Amino acid sequence: ETCKLRTLIHQSPPILIIHLKRFKYEDKYLVKLEHHIKFDFELNLSEYATGSKISNYELFAVTCHMGSGTQGHYVSYVMRQHPIDNTILWVLYDDD
């Protein structure tokens with residue numbers, strides 16, 4: 001008989017953070033996974049929610065690792081609204 005495991009969200013947080021594992025060990029070395037990940041700007045988790053709480057999320061920031069499995073630097077892209085013409089911009093935040 002086949003078993004299935006299902007995880008449900010009882011209470012949705014106001015901000016949802018998703019961390020994707022982007023490194024793996026090959027032999028004794030940490031290797032960065034370089035394949036492209038496609039994602040939408042909106043995420044609806046209603047099929048995983050048990051209550052009637054809002055479970056829709058809009059992407060507003062992404063943190064990226066620049067470098068290899070053994071060294072690198074993190075930067076963030078944050079969606080901002082331009083103060084003059086209200087267009088949407090993705091701003092790079094980098095402390096390097």
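This is a predicted model: local features need pLDDT of at least 70, side-chain atom pairs count only at pLDDT 80 or more; totals for chains, interfaces and linings use all residues.
Of the 96 residues of the protein, 11% are buried (under 20% relative accessible area; over 50% is exposed, and in between is partly exposed; 1.4 Å probe, protein chains only).

A note on the ground rules: local features need pLDDT of at least 70, side-chain atom pairs count only at pLDDT 80 or more, and totals for chains, interfaces and linings use all residues. Residues are numbered from 1 along each chain as its sequence is written, and side-chain values use heavy atoms, leaving out hydrogens and water.

Next I checked secondary structure. I found seven strands and zero helices in the protein (DSSP runs numbered from the N terminus: helices are H or I, at least four residues; strands are E, at least two). From the N terminus, the order reads β-β-β-β-β-β-β. The protein is more spread out than a compact globule, because its radius of gyration is 18 Å, well over the 12 Å that the globule rule gives for 96 residues. That radius is taken over C-alpha atoms, and the rule is 2.2 Å times the number of residues to the power 0.38. I noted a C-alpha box of roughly 55 × 45 × 20 Å along the principal axes.

Then I turned to contacts (heavy atoms within 4.5 Å). Of those in the protein with a separation of 6 or more, 33% join residues 24 or more positions apart.

Last, I picked Ile18. Ile18 sits in the segment before strand S1 (23-26). Ile18 is exposed, at a relative accessible area of 55%. Val62 is 44 residues from Ile18 along the chain, and their C-alpha atoms are 9.8 Å apart.
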